[in-house]
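These are my notebook entries on one structure.

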Amino acid sequence: MQFLDYSHNPALIGASLLVALMAGFTGLSLTQGLAQRSTLQKKLSIALAAISLGGGIWSMHFVAMLGLQLPILFYYDAAVTLSSALVAILVVGVALLLLHFRERTPLVLVSAGSIVGLGIIAMHYIGMAGLEMCRALYTPLGITLAVLASCLLNIAAFWIAYGQRSHRNILLGTVCFGVAVVAVHFIAIAGTGFVADSSVNEVGPSIGKEIMAMGVVISSFVLCGAFLLTGVTFLEPSQQVVPAVFAETGGEGAIAEVESGPIEIEPRGKQIPYELKGQTLFADLDSVAAIRAEGHYTHIYTAHGVFFCAWSITEAEKRVAPNPFLKTHRSYLINPAHVISFERLKDNGICHFDLPGLAKVPVSRSRLKQVRATLGV
């Protein structure tokens, strides 16, 4: 069996990296700030982000494959090629749903990165299976290295982008994601040999490089448009004014409006600033039951609802802890006076509340002893 010599077009390698970066930026930007949207809006944004990220992975792969130069003419099976795109979009969508409808613990971040990493590998090898007149042969070492690189690099990308939802982290996550997709492709190709194969097992119609190029150009054109639209939004000055009162609906902290009338919270003693209808008002510490991190900012929970606060969770902890507030989790500070019950789990716990938008707050294992001592349980 004689392996074919092959090379790559440097310009298309650069183009594939550009496509991957645009896809990463568009997808990660579309999911920024979803906690302040309704469940339906969150699902729509996640679907669009999955199409951007998954479609970008697919486009990057085939831009790079257009740059693959073999000494023979080869084609692609249209059905298999389309299936590889659908796999990429579906897998990314599952990872994004996990990130936005579950608490973002280290395990969730690692799981989401691993899912996307395995999805990229699946998309790559399904796409390669669509080759006609040419057969790809793989080595166990090449497959192993590609899987490890894909999972590790994507875990790093999602850990950075979702560890803190700031512009800086999204840009760093974009670079990491783009490099991950391109690196995985070429690591996999490095462990691949190509041989001529006259037998054709068609699942769907065959398409040549010219038609494939048109498809890739169209997908890249759509991706560029989405990239420009999200880029304009990304560069706008951030606004800290949010709807007056919110209620947590679950998962990541989905927010929905529950009250529209004026809220009267008399500022007295030590106070926490919050935003309401373009104004900064102040809530008495005793009226605040909990403070939850939301990126660089926080939300405060009171008997009247949930309000946006410009403080970060770190600044809030410096200003209000340890009296009367207590940190129960990396994302939560609570006022023990508002806790109505405590639930002990295997190695952590839950503080229960009876307030609009606030039913329970997790207690991490490292904070469990201090919380129990404070509550006297």
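The entries below go topic by topic.

**Entry 1. Ground rules.**
I am working from a predicted model, in which local features need pLDDT of at least 70, side-chain atom pairs count only at pLDDT 80 or more, and totals for chains, interfaces and linings use all residues. Residues are numbered from 1 along each chain as its sequence is written, and side-chain values use heavy atoms, with hydrogens and water left out.

**Entry 2. Nonpolar cores.**
I took a nonpolar core as a set of buried Ala, Val, Leu, Ile, Met, Phe, Trp, Tyr and Cys residues joined through side-chain atoms within 4.5 Å. Buried here means under 20% relative accessible area, exposed means over 50%, and partly exposed is in between (1.4 Å probe, protein chains only). The largest core has 58 residues, and the members that touch the most others are Met65, Tyr76, Leu96, Leu99, Tyr162, Phe194 and Met212. I then listed the elements that each supply at least two residues of this core: helix 1, helix 2 (39-66), helix 3 (78-100), helix 4 (106-129), strand 5 (134-138), helix 5 (140-163), helix 6 (167-190) and helix 7 (209-235). Helix 2 gives the largest share, 12 residues. Another core, of 17 residues, lies apart from this one and includes Ile272, Leu276, Leu285 and Cys309. For all element names I used DSSP runs numbered from the N terminus (helices are H or I with at least four residues, strands are E with at least two).

**Entry 3. Aromatic pairs.**
A pair of aromatic rings is described by the distance of the centres and the angle of the planes. My rule: rings of Phe, Tyr and Trp (its six-membered ring) pair if their centres lie within 6.5 Å; planes under 30 degrees apart are stacked, over 60 edge-to-face, and the rest tilted. I found 8 aromatic pairs in the structure. Phenylalanine 62 and tyrosine 76 make an edge-to-face pair, 5.6 Å centre to centre with 75 degrees between the planes. Because phenylalanine 62 is in helix 2 and tyrosine 76 in strand 3 (residues 75-77), the pair ties together parts 14 residues apart in sequence. Phenylalanine 62 is buried at 0% relative accessibility, and tyrosine 76 is buried at 0% as well.

I next checked tyrosine 297 and phenylalanine 308, a tilted pair with 5.3 Å between centres and 50 degrees between planes. Tyrosine 297 is in strand 13 (residues 297-302) and phenylalanine 308 in strand 14 (residues 305-309), so this pair ties together parts 11 residues apart in sequence. Tyrosine 297 is partly exposed at 26% relative accessibility, while phenylalanine 308 is buried at 4%.

I also noted a cluster in which ring pairs link Trp58, Phe62, Phe74 and Tyr76.

**Entry 4. A charge over a ring.**
The criterion was NZ of Lys or CZ of Arg within 6 Å of the ring centre and within 35 degrees of the ring normal. Lysine 42 lies over the face of phenylalanine 101, 4.4 Å from the ring centre.

**Entry 5. Salt bridges.**
I required a side-chain nitrogen of Lys or Arg within 4 Å of a carboxyl oxygen of Asp or Glu. The count is 5 salt bridges.

- Glutamate 294 bridges to arginine 292, with the closest N and O atoms 3.0 Å apart. Both glutamate 294 and arginine 292 are buried.
- Glutamate 315 and arginine 319 meet at 3.0 Å, N to O. They are separated by about one helical turn, because they are 4 residues apart in helix 8 (residues 313-320). Glutamate 315 is partly exposed at 27%, as is arginine 319 at 45%.
- Glutamate 317 and lysine 327 meet at 3.3 Å, N to O. This pair links distant parts of the chain, 10 residues apart, with glutamate 317 in helix 8 and lysine 327 in strand 15 (residues 326-329). Glutamate 317 is partly exposed at 26%, whereas lysine 327 is buried at 15%.

**Entry 6. Surface patch.**
For patches I used residues with over 30% relative accessible area and no salt bridge, joining like charges within 9 Å and nonpolar side chains (Val, Leu, Ile, Met, Phe, Trp, Tyr) within 5 Å. Areas come from the Shrake-Rupley method with a 1.4 Å probe, and for residues only the protein chains shown count as cover. Leu17, Val175 and Val179 form a nonpolar surface patch with about 220 Å² of accessible area together. Leucine 17 is in helix 1 (residues 10-30) and is partly exposed at 32%.

**Entry 7. A backbone angle.**
Which residue other than glycine has a positive phi, near 70 degrees? I found methionine 133 with that value. Methionine 133 is in the loop between strand 4 (131-132) and strand 5, and is partly exposed at 31% relative accessibility.
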